[in-house]
Amino acid sequence: MIDRVKSTPCELCLSRKFSMFSNLSNEHLCNISDNKNFISHKKGQILYYENTKPLGVFCVSSGVVKVFKTASNGKEQIIRLATKGDFVGYTSLIGEETYSTTATIVEDAKICFVPREIFLKILTEDNNFHKRLTQALCKDLGVMESKLTDATQKSIRERLALTLLKLGDSYGVDGHTNQKLDITLTREEIAGLVGTATETVIRLLSEFKKDGLIDLQGKKIILLDRKGLVRLSDFYGG
């Protein structure tokens, strides 16, 4: 069930500072506020399906959205996890193409839907916004190139270690000696991030736990040894 809730004006939105809408003029912010739909989504609900036509842009206010492609065998390849401030579906809108991915809710989310004509008007009139969006597109392209390189040059074990580190960077809650991932992903979803079979992820997570790299509490993962995961991932960037 999708719940329409009272919309927070963009100028008062706490998540806006994380988004590309952060520096818009008051005129454009008011235009978005007057025309957007602010909707509360439950876990498992679909935002859009692959091969459908984009009618606007989704801006995540809270929660987590999974963007993925489905292979011919039914397995999901997760492209990205979008969180507060992130845009979802904007590349297809700008490219005037149907969606190349599907987006679904991983954790209960509140999302603003900005109609196509409003979004494109801002893109046309605000040069700084246009620049930020172009930079974001280039960054997304770089991320995809890195994933392609990792898929061809890293082992599954290395890719899983790197995936856990990146999840820790985005969703980690630091403790005194460990880092708990404050996001609940199924083993299938982790496999979709890594690009491998679910059974392989289950086996490797068990091995990581045995080696003292992580701990498992149900579906929650705790990173016990980030340095060990870094060495395992063969990751030296930053």
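User: Hi! Of the contacts with a separation of 6 or more, what share comes from residues 24 or more positions apart?
Analyst: Those residues account for 70% of such contacts in the protein, where contact means heavy atoms within 4.5 Å. This is a predicted model, with local features needing pLDDT of at least 70, side-chain atom pairs counting only at pLDDT 80 or more, and totals for chains, interfaces and linings using all residues. Residues are numbered from 1 along each chain as its sequence is written, and side-chain values use heavy atoms, leaving out hydrogens and water.

User: Thanks! How many helices and strands are there?
Analyst: The protein has eight helices and 11 strands, taken as DSSP runs numbered from the N terminus (helices H or I, at least four residues; strands E, at least two).

User: Nice. At what angle do α5 and α6 pack?
Analyst: Helix α5 (residues 156–171) and helix α6 (residues 187–194) pack at about 110°, their axes 9 Å apart. Axes are lines fitted to C-alpha atoms, for helices over the stretch in contact, with angles from 0 to 180 degrees between N-to-C directions. That makes α5 roughly perpendicular to α6 (65 to 115 degrees).

User: And which residues meet there?
Analyst: From α5, Ile156, Arg159, Leu160, Thr163 and Leu167 meet Ile190, Leu193 and Val194 of α6.

User: Switching topic: what percentage of the protein is buried?
Analyst: Buried residues make up 43% of the 238 residues, with buried meaning under 20% relative accessible area (1.4 Å probe, protein chains only).

User: Last one: what does the C-alpha trace span?
Analyst: Along its principal axes, the trace spans about 55 × 40 × 40 Å.

Note on methods:
Parallel < 35°, antiparallel > 145°, perpendicular 65-115°, else oblique. Buried < 20%, exposed > 50% of the residue type's maximum accessible area, 1.4 Å probe, protein only.
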